[in-house]
Amino acid sequence: MIELGKKVVVTGVPGVGKTTVINGAMERLAAEDIAYKAVNFGTFMFEVAQKENLAADRDEMRRLDKAVQKRLQQAAASGIAAMSGDANIIVDTHSSVKTPAGFLAGLPEWVLRELMPDIVVLVETDPDQILMRRLSDASRTRDMEGSRAIAEHQEFNRAVSAAYAMYSGCTVRIVRNENFLLEQGIDDLVSVLR
Amino acid sequence: MIELGKKVVVTGVPGVGKTTVINGAMERLAAEDIAYKAVNFGTFMFEVAQKENLAADRDEMRRLDKAVQKRLQQAAASGIAAMSGDANIIVDTHSSVKTPAGFLAGLPEWVLRELMPDIVVLVETDPDQILMRRLSDASRTRDMEGSRAIAEHQEFNRAVSAAYAMYSGCTVRIVRNENFLLEQGIDDLVSVLR
Amino acid sequence: MIELGKKVVVTGVPGVGKTTVINGAMERLAAEDIAYKAVNFGTFMFEVAQKENLAADRDEMRRLDKAVQKRLQQAAASGIAAMSGDANIIVDTHSSVKTPAGFLAGLPEWVLRELMPDIVVLVETDPDQILMRRLSDASRTRDMEGSRAIAEHQEFNRAVSAAYAMYSGCTVRIVRNENFLLEQGIDDLVSVLR
């Protein structure tokens, strides 16, 4: 039997420290000779758009027709799934994205169907901690929102991930990235990825 | 490229003031020359049932065989989707309906598949405010339930809407209709519909 | 018209007293001459695995290839659905199972599609009561978790059940099994099953 690679989707609201936790876990796993390839869904999708001469930058991609975007998402999902044929994959993306029109699912049906992830990880922490991290991150300009709105976003992420679990059979694992406890968060993610 | 009309589903538990917010938003949009047609899903479905001589009134429709109801729902969804070919549509319906057998999804898979909404709006407010509005509305007899049950219903609506987001790719937007702040609620809905 | 049997899925986290409530309800219904057959999903699935000589015990079944497990789940769902042709069925299973890799949906898409339940019941109670019941149940060794983790599990169960409602059109009914109020819980379940 051919052992296929694991497909683990790692998600979290902006400012929760998702990338820090992923990088920490990748280092730890590399030291144990467990190879994971990390792929950013948005970047991968943009590369597909570039190859097809559909967009020169990400803003252009966002302005593409809805049906074209859908096709690009599907192509990205299928490309990432193909990569897992000979590697374990971490897909760095969002459970949902907050837009002016509301929460948008990061893994809609046509993405899930192609990707069929094994695990969806939600990196979470206290909304107030997230707020403080956003306030102290001068390097990015983010639309500001209060703790209550952040809590609402995290709750929506859990709900939409439950729908992912129903549709794809993936497990949904919450990994907490608390202040002063980054190592604990990394440990948790490593235990899921190992 | 043919610009298709927006399909916006507006939902909310009984007593939250959904219709008031919709009517206010429609007026405001009309003044801006943005045309929306509002369709009540239940009414539209009943008209389909009448045309097929399946039901003379709504009670009769509710007593129809489950498979027939399903077909009627699907026909209604597909009819409404067709209307959006030359108009923006607001679909007035429920995220979920509370029945003696539990919460029933307002947009089950076979409806979503035909309708493919762009946005699902949840009109919400504090459960206690909803309770008071129901108590003071003498014009309707409603099954009474306490604030906690209303809170549970609103939470279920969020969860099931997350599933709608996964399956159809729609966004999910919460619009609050707080006491004394109706204009704010209307503003929010207008900004989504504009 | 052939009146098909009801398919009611009854779920609840370990220690909530699901089986006690089911047995109480079955007794009450038998006294009213309403016949229900109770099927444990895991047991039924294991019997399918045995018939196909795929597993001699449940541990072996759990170690089967993921694709084989999926096929067995689907076969079990379709077998149970067939039973409902001439009986009302209670399916005893979990909304989600807590695994080291996270929450796993008890009724993933391929199970739902075959089973198409009418109602999914969530037997719930206060997380602290569940904790105490687990602590005092010496007959089973369970992985211990605190009240907060139990609350999180129950919340995930609600969210994933909302996805079941979207996909299959089933209703989702919460039945509480509070300390000292077992009869009330049984009454509630009976009213759903009657």
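Which side chains meet in a salt bridge with 2.6 Å from N to O? In this predicted model, where local features need pLDDT of at least 70, side-chain atom pairs count only at pLDDT 80 or more, and totals for chains, interfaces and linings use all residues, they are the side chains of C:K66 and A:D118. Residues are numbered from 1 along each chain as its sequence is written, chains are lettered from A in the order in which they are written, and side-chain values use heavy atoms, with hydrogens and water left out.

**View 1. The contact of chain C with chain A.** Chain C contributes 24 residues and chain A 19 residues to this contact, where contact means heavy atoms within 4.5 Å. Together the two chains bury about 1,500 Å², with 64% of it on carbon and sulfur atoms; buried area is the accessible area (1.4 Å probe) that two parts lose on being put together, summed over both.

**View 2. Salt bridges between chains C and A.** Two salt bridges are found across this interface, each being a side-chain nitrogen of Lys or Arg within 4 Å of a carboxyl oxygen of Asp or Glu. One of the salt bridges joins C:K66 to A:D118.

View 3. Strand β7 (residues 171-176) of chain A and β5(C) run antiparallel and are joined by two bridges, and A:T171 stands opposite C:L104 in β5(C). Strands are DSSP runs (E, at least two residues), numbered from the N terminus, and two strands pair if DSSP finds at least two bridges between them.

**View 4. Chain B against chain A.** Here the contact takes 19 residues from chain B and 24 residues from chain A. Between these chains the count is two salt bridges, and A:E152 forms a salt bridge with B:R158, whose closest N and O atoms are 3.2 Å apart. Strand β5 (residues 102-105) of chain A pairs with β7(B) in the antiparallel sense over two bridges, with A:F103 opposite B:V172 in β7(B).

**View 5. How the copies are related.** A rotation of 120 degrees with 0.0 Å of shift along its axis superposes chain C on chain A, with an RMSD of 0.0 Å, which is the relation of a three-fold axis. The superposition is by least squares on the C-alpha atoms of residues with pLDDT of at least 70 in both copies. Only 17% of the interface residues of chain C are also interface residues in chain A, so the copies meet through different surfaces.

Terms used: Helices (H or I, at least four residues) and strands (E, at least two) are DSSP runs, numbered from the N terminus.
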